[in-house]
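Please look at the sequence and the model first, then read on.

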Amino acid sequence: MKRSIYLLLGVVFLLSSCYKEPLTKGVITVYDSSGNTVEGVEVTLSQEDMGPGVIQTNIIDIQTSDYKGQTEHILEMESIMNVTAVLLGSANDTVLSGQTVIRFVQGEIVYKDVEVITY
């Protein structure tokens with residue numbers, strides 16, 4: 001009897017110690033005005049100037065979009081983040097820029113598109 005109780009307690013302990021809190025993940029896809037994905041865009045997530053009533057986390061995450069025009073951002077908590085996308089072009093000193101907002105939900109993957117236009 002004692003042996004089965006210890007075995008049951010051991011299994012419960014192992015299962016509970018293996019549990020990890022699910023992370024929140026955001027996938028940002030950058031498009032141009034023609035609907036094509038854009039590689040090499042610097043995508044910045046931040047919480048600057050979110051307004052009253054928003055708890056600031058002071059998290060800034062900067063990544064560059066891959067060949068699919070995407071960046072992946074992983075956070076440990078739910079949050080609302082500003083998204084800024086900028087690409088400095090070499091032709092005619094052009095700058096492509098776009099902005100949006102993303103809401104990260106605990107344990108979910110959130111997809112968000114941002115369009116960059118000539119600035």
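This is a predicted model: local features need pLDDT of at least 70, side-chain atom pairs count only at pLDDT 80 or more; totals for chains, interfaces and linings use all residues.

## A contact at Asp61

The side chains of Asp61 and His73 form a polar contact of 2.7 Å. Asp61 also has a polar contact with Gln63, side chain to side chain, at 3.3 Å.

Asp61 sits in strand S3, which covers residues 61–64. Leaving aside residues up to four places away in sequence, Asp61 touches Val43, Thr44, Leu45 and His73.

## Overall make-up

Read from the N terminus, the order of elements is α-β-β-β-β-β-β-β-β.

Of the 119 residues, 27% count as buried. The accessible surface comes to about 8,300 Å², and carbon and sulfur atoms hold 56% of this surface. Among contacts with a separation of 6 or more, 57% are between residues 24 or more positions apart.

## The five-stranded sheet

Five strands form an open sheet in the order S3-S2-S5-S6-S8, and their pairing is antiparallel. Which strands lie at the edges? The edge strands are S3 and S8 (117–118), each of which pairs on one side only. As a general point, strands of a sheet pair through backbone hydrogen bonds, either parallel or antiparallel.

Strand S2 spans residues 42–46. Four of its five residues are buried, so S2 is largely enclosed by the rest of the structure. Strand S2 is joined to S3 by four bridges, and the two run antiparallel. Five bridges join S2 to S5 (residues 79–88), again in an antiparallel arrangement.

Glu42 has Thr64 as its bridge partner in S3, and Glu42 stands opposite Val86 in S5. Ser46 stands opposite Asn82, which is also in S5.

## Two salt bridges

How many salt bridges does a search of the whole structure find? The search finds two. One of them joins the side chains of Lys25 and Glu72, with an N to O distance of 3.2 Å. This pair links distant parts of the chain: Lys25 is in strand S1 (residues 24–31) and Glu72 is in strand S4 (residues 70–75), 47 residues apart. Lys25 is partly exposed, with a relative accessible area of 21%. Glu72 is partly exposed as well, at 41%.

Glu78 and Arg103 also form a salt bridge, and their closest N and O atoms are 3.8 Å apart. Glu78 lies in the loop between S4 and S5 while Arg103 lies in strand S6, so the pair ties together parts that are 25 residues apart in sequence. Glu78 counts as partly exposed, at 39% relative accessibility. Arg103 counts as exposed, at 51% relative accessibility; the cut-off for exposed is over 50%.

## Val110 in strand S7

Val110 belongs to strand S7, which runs over residues 109–115. Why does Val110 count as buried? Its relative accessibility is 17%, and buried means under 20%.

Leaving out residues up to four places away in sequence, Val110 touches Lys25, Gly26, Val27, Ile102, Arg103, Phe104 and Val105. The list includes Lys25 and Arg103, and each of these two residues also takes part in a salt bridge. The C-alpha atom of Val110 is 9.8 Å from that of His73, although 37 residues separate the two along the chain.

## Thr94 in a loop

Thr94 is placed in the loop between S5 and strand S6 (95–104). Is Thr94 buried, exposed or partly exposed? At 30% relative accessibility, Thr94 counts as partly exposed.

Beyond residues up to four places away in sequence, Thr94 touches Leu87, Leu88 and Gly89. The C-alpha atoms of Thr94 and Tyr119 are separated by 7.1 Å, and the two residues are 25 apart along the chain.

Note on methods. Residues are numbered from 1 along each chain as its sequence is written. Side-chain values use heavy atoms; hydrogens and water are left out. A polar contact is a pair of N or O atoms within 3.5 Å; within protein, one must be able to donate a hydrogen and the other to accept it, and residues adjacent in sequence count only if both atoms are side-chain atoms. Contact means heavy atoms within 4.5 Å. Buried means under 20% relative accessible area, exposed over 50%, partly exposed in between (1.4 Å probe, protein chains only). Two strands pair if DSSP finds at least two bridges between them. Accessible areas come from the Shrake-Rupley method with a 1.4 Å probe; for residues, only the protein chains shown count as cover. A salt bridge is a side-chain nitrogen of Lys or Arg within 4 Å of a carboxyl oxygen of Asp or Glu.
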